[in-house]
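Hi there,

Here is the structure I promised to pass on. Have a look at it first, then read my notes below.

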Amino acid sequence: MAFTFERTDDLLSIAVDGQLVVGNRQEFKQLVLDQVEQGARRVLIDFTDTGYIDSSGLGALVSLGKRIREHGGELRLAGLNEDLRTLFELTRLDTLFRLHDSSDDAREGF
Amino acid sequence: MTPAKVSRGAGDSGTSVLEWQIASKVDEIDAIVAAVCAACAVAGFPDKVCRLNVPVSLTEALANAIEQGNGNDPTRVVRVLARIDLVGLCVEVTDEGAGFDTQAVRARCHEQSWVDREDGRGVFLMHALMDNVETWCDVGHTVRLTLRWP
């Protein structure tokens, strides 16, 4: 499991390689929050290489979405495979987040 | 505590059993989930079940046992018994806690504010991704996840 991120102006792009689960969600959340504190306002999370997300990971995304909005920013999610989309649909989180097919798609108009 | 794994392997009955006893640390979860998913794949469960249903449900059960049941106390143990047989997959996760009202937790998913909550999706996901979820308190609190062959 690893997170790689890239920062360009106020755009933070972060890729989740592996799982986003109870064991790493705090590290992930803190990484994003640190960047938001340092001025990131557009946050794009790429799940192209993500296996699965548990409820802790989903909760971390909900929490981050709130914090980013409080700072006047926006969170976009991209690259979710069919399994991950199933999780978002089951938990109705597809109504809370905009889900994009790819990072390129998410960057349009961002 | 190092995970104590006992694998009896596949016997003449076609039954495979995996057992662990672990300390209450979330770092222990990944190895157990990976092993059970691998056993399911070898047994012939569909790919999606091995990629989604089993890992998410089992992660939820283990995380609940470690964090809620045992309060992240590494001196308290979690026992895991996974069995694959002619019926399907059955996993029991037992902690040292007193359990909680899963019906009340599940009922919250119908509330309007549920989508905005940062927690409370674990029990819901277990029920959504498994055929059956049972809980009981005996010597500790046990969650049993059951997934029948498709």
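One term before we start: a residue is called buried here if 20 or more other C-beta atoms lie within 10 Å of its own, and exposed if 12 or fewer do. Also keep in mind that this is a predicted model.

Let's begin with helix α1 of chain A, residues 25-37. In α1(A), the buried residues are Arg25(A), Phe28(A) and Val32(A). Why do they sit on the same side of α1(A)? Because the arc they cover around the axis is only 70 degrees.

What do these buried residues pack against? Their partners are β1 (2-8), β2 (11-20), β3 (42-46) and α2 (55-70), which also belong to chain A.

After α1(A) comes Gly39(A), which has a positive phi, near 110 degrees.

Next, the place where the chains meet. Here 20 residues of chain B are in contact with 20 residues of chain A. On the chain B side, the elements giving two or more residues are α1 (29-43), α2 (47-69) and α4 (122-129). The largest share, eight residues, is from α2(B). Sorted by class, that side of chain B has nine nonpolar, nine charged and two polar residues.

Enjoy exploring!

Technical notes. Residues are numbered from 1 along each chain as its sequence is written. Chains are lettered from A and ligands numbered from 1 in the order in which they are written. This is a predicted model: local features need pLDDT of at least 70, side-chain atom pairs count only at pLDDT 80 or more; totals for chains, interfaces and linings use all residues. Two residues are in contact if their C-beta atoms, placed from the backbone, lie within 7 Å. Helices (H or I, at least four residues) and strands (E, at least two) are DSSP runs, numbered from the N terminus. Ala, Val, Leu, Ile, Met, Phe, Trp, Tyr, Cys and Pro count as nonpolar, Asp, Glu, Lys and Arg as charged, and the others, Gly among them, as polar. The expected span of a helix is 1.5 Å times one less than its number of residues. The arc is that of the directions from the helix axis to the C-beta atoms.
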